[in-house]
Amino acid sequence: MAENVSSLMLDGNAAAGLLQEIFVPEITTAQVECGGCGHTAPIGSLQLYGSGMGAVLRCSHCDGLVMRAARTAHGRWLEMKGARCLRFSGDMAADRQC
Amino acid sequence: MDETPISRGFRSRRQEQAPNNRVPPGQYVTTDFPVLSAGPTPQTKLQSWNFALQLGASLLGRWNWAEFEALPQSTAKKDIHCVTKWSKLDTTWQGVTFDAILKSVGLAESPAPYIMAHCDGGYTTNIPVADLIGGKGMIATRYEGLPIPPSHGGPARLLVPHLYFWKSAKWVRRIRFMEQDQRGFWESLGYHNYGDPWKEQRYDGD
Amino acid sequence: MMATEAAAGPVRRLNWQLAHVRDIVVETYRVKSVVLDVTDWQGHLPGHHVDIRLTAEDKYQAQRSYSIASPPEDELLKLTVERVNDGEVSPYLVDDLRLGDEFELRGPIGGYFVWTVATQGPLWLIAAGSGIAPLMAMLRHRAKRKVRSPALLLYSSRSLEDVIYRDELDAMARADPDLRIDHALTRKQPNGWNGHRGRIDRALLAEACFPPEQAPNTFICGPTPFVEHVADLLVELGHEPFRIKTERFGPSGG
């Protein structure tokens, strides 16, 4: 069957457009700790799914759901149940150089 | 608010249909079958697949693949409508209707008004039972006469074509009856709780 | 304030801006670079991407992301687009777009996949097809800043005719003894071809490349299967996963 495989995983960095509508500081370099397995990684390196409906970001270690976001006609939604915490580097120089 | 600038010469590949009795408002007909997913494609082997009907702590029924295939089969030719605006007409499916499943566990009617579909990979979606009975919903195992490929939800997926296609949950493994409605995966992230394409119920608040 | 410093400041709210087409450059038989003037552009870093949004007469909208191929030192923004046969947006950009056209654009986005000359350590770039675009921004930036740290580009293309920026890459490599560029041609090679034949494989990555001990800053970009394959091989070879940054383009390469 003709298949338009838009569901292949992308990198979290590709969700930057949607996420930057919600977060003020650079979000792709923020470190997130997976609530499931404890693995900590930059959001830009998470596994991104959900194309077209929203951003579904999964841990690259355990596939656990870390965060989800969607832009709807009535606003933006963000859920971070699967994240223990998010850390934005205070060092702007480090942020710039990633 | 400023008028959105038009990109000279740009056209959608898909043809917008004037609203008619086949294509809901805002939809574009496609001949592709786009794949959307919220996670990695589960690769459940038929030998380990089973499907369960659950009410509270009780299991009302459970079928392995052979048992499920032995249930009365139905085919259906339906139009499907994705909230991301593509519609695909005349898709053919085969599987077991929700009515047949209820009947096979000896239920004349549903024990509760709502269900939550639970799927491999963790996806969920909630549907009123009234939208599944009377032939409105099935657990599908074939698409266009062939086993549904994993990327499209195989071995088995829910098929509820009169609602937006995110309700036709892929990789369905368990249907849990609920007394109270609860929101599933997309319904809890801003999408409409019911999802009628003919009323353009895409998002919560529509 | 220099463009790079402005881009490094606190992220401003992302707004849709208007981009005006100032030039269109033919790169290969199915790849073009679109040169844009974006009125309020605040600058970017090599590796950043933008979202573009096209609106048809009937208000139908399509949105896509493209890597910025130009370095921050350039006045105008350059996006490199490959025509995807059944695509909705790329055929428009490659075949229909004209000088003077305009569309909406927002960015820069995606600071995770960014490299500048201020980063210490060797630079290892691995690309397939149009995945070269963000890595080209890095190389052009490196060339403009005349930095002399070791850099290596492994670039996989179907044939010589498919190599994007071929002449510019050759010139860069000739001008810079610290930059090495290796081409892998996967389907068709010209007579007398001395480069790699076939896909980038474990052997190629192991030999004549940065060993793990040198801790190269590694960027891989291209179609998803390519990126995953190469990243897996690098990790097998002992490279640290956190130093490998990937940008999957999805199945079709953009």
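This is a predicted model: local features need pLDDT of at least 70, side-chain atom pairs count only at pLDDT 80 or more; totals for chains, interfaces and linings use all residues.
So, contacts in chain A: of those with a separation of 6 or more, 47% are between residues 24 or more positions apart. Chain A has 98 residues, and 46% of them are buried. As for its elements, we have two helices and eight strands. If you trace chain A from the N terminus, the pattern goes β-α-β-β-β-β-β-β-β-α.

Let's move on to where chain A meets chain B. Here 24 residues of chain A are in contact with 24 residues of chain B. Which strands of chain A each supply at least two residues to that side? They are strand S5 (55–58), strand S6 (65–72) and strand S7 (75–79). The largest share comes from S6(A), with four residues. Sorted by class, the side of chain A that touches chain B has 10 nonpolar, nine polar and five charged residues.

While we are on chain B, a quick stop at strand S12 (residues 172–178). Strand S3 (residues 50–55) of chain B pairs with S12(B) in the parallel sense, over four bridges. In that pairing you can find Leu55(B) opposite Phe177(B). Strand S7 (residues 114–119) of chain B is also joined to S12(B), this time antiparallel and by six bridges. Look for Tyr114(B) there, whose bridge partner in S12(B) is Met178(B).

Back to chain C, and its sheets. One is an open sheet of six strands in the order S4-S3-S6-S1-S2-S5, with antiparallel pairing. Strand S4 (61–67) and strand S5 (77–82) of chain C are at the edges with a single partner strand each, so one side of each has no neighbour in the sheet. On average, and ignoring direction, neighbouring strands of this sheet are turned by 40° against each other. Inside it, strand S1 (residues 17–28) of chain C and S6(C) run antiparallel and are joined by four bridges. One bridge to look for is Gln17(C), with Leu105(C) as its partner in S6(C).

Another open sheet of six strands in chain C has the order S10-S9-S8-S7-S11-S12, and here the pairing is parallel. Which strands stand at its edges? Those are strand S10 (196–197) and S12 of chain C; each has a single partner strand, so one side of each is left without a neighbour in the sheet. S7(C) and S11(C) are paired in the parallel sense over five bridges. Here Leu123(C) has Asn217(C) in S11(C) as its bridge partner.

H6(C) lies across S7, S11 and S12 of chain C and runs at about 155° to S11(C).

Which residues of H6(C) are buried? The list is Thr224(C), Phe226(C), Val227(C), Val230(C) and Leu234(C). These residues cover an arc of only 160° around the axis, so they sit on the same side of H6(C). What covers them includes strand S7 (123–128), helix H5 (202–206), strand S11 (217–222) and strand S12 (244–248) of chain C. On the other side of H6(C) you will find Asp232(C) and Glu236(C), which are exposed.

Let's zoom in on Thr224(C), which belongs to helix H6 of chain C.

Methods: Residues are numbered from 1 along each chain as its sequence is written. Chains are lettered from A and ligands numbered from 1 in the order in which they are written. A residue is buried if 20 or more other C-beta atoms lie within 10 Å of its own, exposed if 12 or fewer, and partly exposed in between; C-beta atoms are placed from the backbone. The arc is that of the directions from the helix axis to the C-beta atoms. Two residues are in contact if their C-beta atoms, placed from the backbone, lie within 7 Å. Ala, Val, Leu, Ile, Met, Phe, Trp, Tyr, Cys and Pro count as nonpolar, Asp, Glu, Lys and Arg as charged, and the others, Gly among them, as polar. Two strands pair if DSSP finds at least two bridges between them. Axes are lines fitted to C-alpha atoms, for helices over the stretch in contact, and angles run from 0 to 180 degrees between N-to-C directions.
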